[in-house]
Amino acid sequence: MTKSANTTTLDDPIFGKMAYKHSWYRRQSIYWWNTTGVDVQITAHAYNGEGISDQQRTAFSEYKERIEDIIKTSIPSISVYLKNTYDKFFSEEEIFNALTPRNILFMENGDWGILFDTDIDIEHGIALYKEKGTFKVGPQDDFL
């Protein structure tokens with residue numbers, strides 16, 4: 001860990017170079033439903049400058065290895081959530097166009113989620129998250 005006047009940084013063996021401001025973070029271009037180059041913030045949640053946990057490293061490794069498969073298998077769950085919550089069916093293409101990933105958040109216990117901005121629900125956003133080993137879809141506050 002390196003501290004300067006304004007910034008604390010860390011070169012983590014799994015996450016890479018991260019900076020600290022309320023949590024560890026860095027910007028990264030990610031794969032997003034058949035496209036690349038979507039800029040998001042990768043965040044490892046931490047209080048008081050604590051380091052990144054082994055559970056967060058394991059979760060980040062899973063994310064990197066399986067994200068394409070996770071996204072493909074999550075489409076039906078996202079579609080059901082949108083239909084049940086907004087009473088409208090969204091095609092796969094409409095889902096891709098409606099959800100913009102902004103943050104991939106890794107909690108200390110290894111739970112993690114993708115937080116999306118969307119015009120469908122500007123106030124609450126939508127999250128695809130893994131909690132206690134199960135993927136779920138809901139408003140961002142359900143994960144946070």
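Visitor: Is tyrosine 63 buried or exposed?

Guide: Buried means under 20% relative accessible area, exposed over 50%, and partly exposed in between (1.4 Å probe, protein chains only). Tyrosine 63 has 3% relative accessibility, so it counts as buried. A word on the basis: this is a predicted model, where local features need pLDDT of at least 70, side-chain atom pairs count only at pLDDT 80 or more, and totals for chains, interfaces and linings use all residues. Residues are numbered from 1 along each chain as its sequence is written, and side-chain values use heavy atoms, leaving out hydrogens and water.

Visitor: How far apart are the ring centres of phenylalanine 60 and tyrosine 63?

Guide: A pair of aromatic rings is described by the distance of the centres and the angle of the planes. Rings of Phe, Tyr and Trp (its six-membered ring) pair if their centres lie within 6.5 Å; planes under 30 degrees apart count as stacked, over 60 as edge-to-face and the rest as tilted. Here the centres are 5.9 Å apart and the planes at 25 degrees, so phenylalanine 60 and tyrosine 63 are stacked. Both residues belong to helix α1, 3 residues apart, about one turn of the helix.

Visitor: Which residues form one aromatic cluster?

Guide: The cluster consists of Phe15, Phe60, Tyr63, Phe106, Trp112 and Phe135. Phenylalanine 60 in this cluster has a relative accessible area of 0%, so it is buried.

Methods
Helices (H or I, at least four residues) and strands (E, at least two) are DSSP runs, numbered from the N terminus.
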